[in-house]
Amino acid sequence: MSTSTTRPTTSSTSTGWSLGDIAVHRVDEIELPRQTGPWLLPAATKEVLDEAAWLRPDFADADAPRLASHSFAVEAGGLRIVVDTGIGNGKNRANPAWNGLDTDFLERLAAAGFPPESVDLVITTHLHTDHVGWNTRLVGDDWVPTFPNARYLTSRTEWDHWAATDLDEARSQMFRDSVHPVRDNGQYHLVDVPEQGHEVAPGVLLVPAPGHTPGQVAVELRGSDRRALITGDSIHHPVQLSHPHVHSCVDIDPAQAVRTRARLLDALADTDALLLGTHFPQPTAGTVRRENGRYRLLAEHGSVMPTAAA
């Protein structure tokens with residue numbers, strides 16, 4: 001089934017957060033269908049959501065988590081960086097909600113000051129279908145890199161895992177249309193990510209976040225005024241703050257995913273660092289607080305930000 005998604009017209013401003021000398025813009029793709037939450041996080045039942053009243057109304061409806069697909073566009077050290085590229089347009093996908101999308105994502109990205117040809121780095125937190133889709137776009141009959149002047153980065157552990165895996169047809173299709181064209185054009189670069197992280201741009205570090213996939217990374221931003229952490233899928237939804245043992249049905253190693261989540265949350269808790277959820281619905285960001293033996297998110301709505309300098 002093909003899904004055509006219409007989004008509002010873009011403007012010359014975008015929603016984002018200033019960290020001092022680093023700026024982060026959220027670039028929306030789609031809100032994910034309501035059934036995504038119960039499928040992806042089956043343990044996030046109404047009873048579990050009820051135990052964290054702060055989740056409503058922003059992050060959950062009456063009985064299901066809300067989720068979204070977006071990218072983060074980062075200005076750091078004079079570089080334009082895109083973190084994860086969503087689902088993409090016109091892709092043949094087994095998930096009906098992802099199949100044949102037709103959104104204005106690239107117009108939104110350009111409105112934030114990131115026209116595709118201006119992007120210097122594309123960071124892939126992990127090689128899943130909803131994180132690599134805008135790696136490429138269709139030109140004629142060919143999938144070509146969307147960001148012609150960018151280096152695309154992912155962890156070597158992540159790449160090697162999938163290279164050694166017997167892929168089903170749906171995942172093979174994703175690699176054919178969204179990963180291999182970038183590799184074949186010489187634009188994918190593999191990064192060894194040690195425990196202490198690896199800096200890929202001024203103030204931009206890849207940090208290990210395994211569990212969901214073996215080589216997943218989160219992205220730490222160390223601005224002059226403030227820090228932030230882009231989650232990838234180490235934290236799919238804010239319910240996993242109050243209930244870190246709620247795991248995704250597609251986690252490769254759920255126990256390791258729980259350990260990763262606990263480590264990241266412990267480092268963020270009771271600081272002014274922003275947590276930026278790759279699949280959190282708006283307002284997308286917040287600070288982590290300890291409360292009654294659990295964590296919670298204090299939501300922080302972004303500001304209307306100027307576009308990146310030309």
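What follows is a short exchange about confidence and salt bridges in a predicted model.

Colleague: What is the mean pLDDT of the protein chain, and which strand has the lowest mean?

Modeller: The chain mean is 94, and 95% of the residues reach 70 or more. Where pLDDT is low, the predicted coordinates should not be read in detail.

Colleague: Why is the pair Arg56 and Asp50 called a salt bridge?

Modeller: The side chains meet at 3.0 Å, N to O. The cut-off is within 4 Å, so the pair counts.

Colleague: What makes Arg56 partly exposed?

Modeller: Arg56 has a relative accessible area of 27%. Buried means under 20% and exposed over 50%, so Arg56 falls in between. Asp50, at 37%, is partly exposed because that value also lies between those limits.

Colleague: How do you know that Lys91 and Asp177 form a salt bridge?

Modeller: Their closest N and O atoms are 4.0 Å apart, and the rule asks for within 4 Å. The pair links distant parts of the chain, 86 residues apart: Lys91 lies in the loop between β4 (79–83) and α3 (105–111), Asp177 in helix α6 (residues 169–184). Both Lys91 and Asp177 are buried.

Colleague: Which residues are linked with Asp104 and Arg108 in a network of salt bridges?

Modeller: Arg26 and Asp28. Asp104 and Arg108 themselves meet at 2.9 Å, N to O, and both are buried.

Colleague: How many salt bridges does the rule give?

Modeller: The count comes to 19.

Technical notes: Residues are numbered from 1 along each chain as its sequence is written. This is a predicted model: local features need pLDDT of at least 70, side-chain atom pairs count only at pLDDT 80 or more; totals for chains, interfaces and linings use all residues. Side-chain values use heavy atoms; hydrogens and water are left out. pLDDT is the predictor's confidence in each residue, from 0 to 100. Buried means under 20% relative accessible area, exposed over 50%, partly exposed in between (1.4 Å probe, protein chains only). Helices (H or I, at least four residues) and strands (E, at least two) are DSSP runs, numbered from the N terminus.
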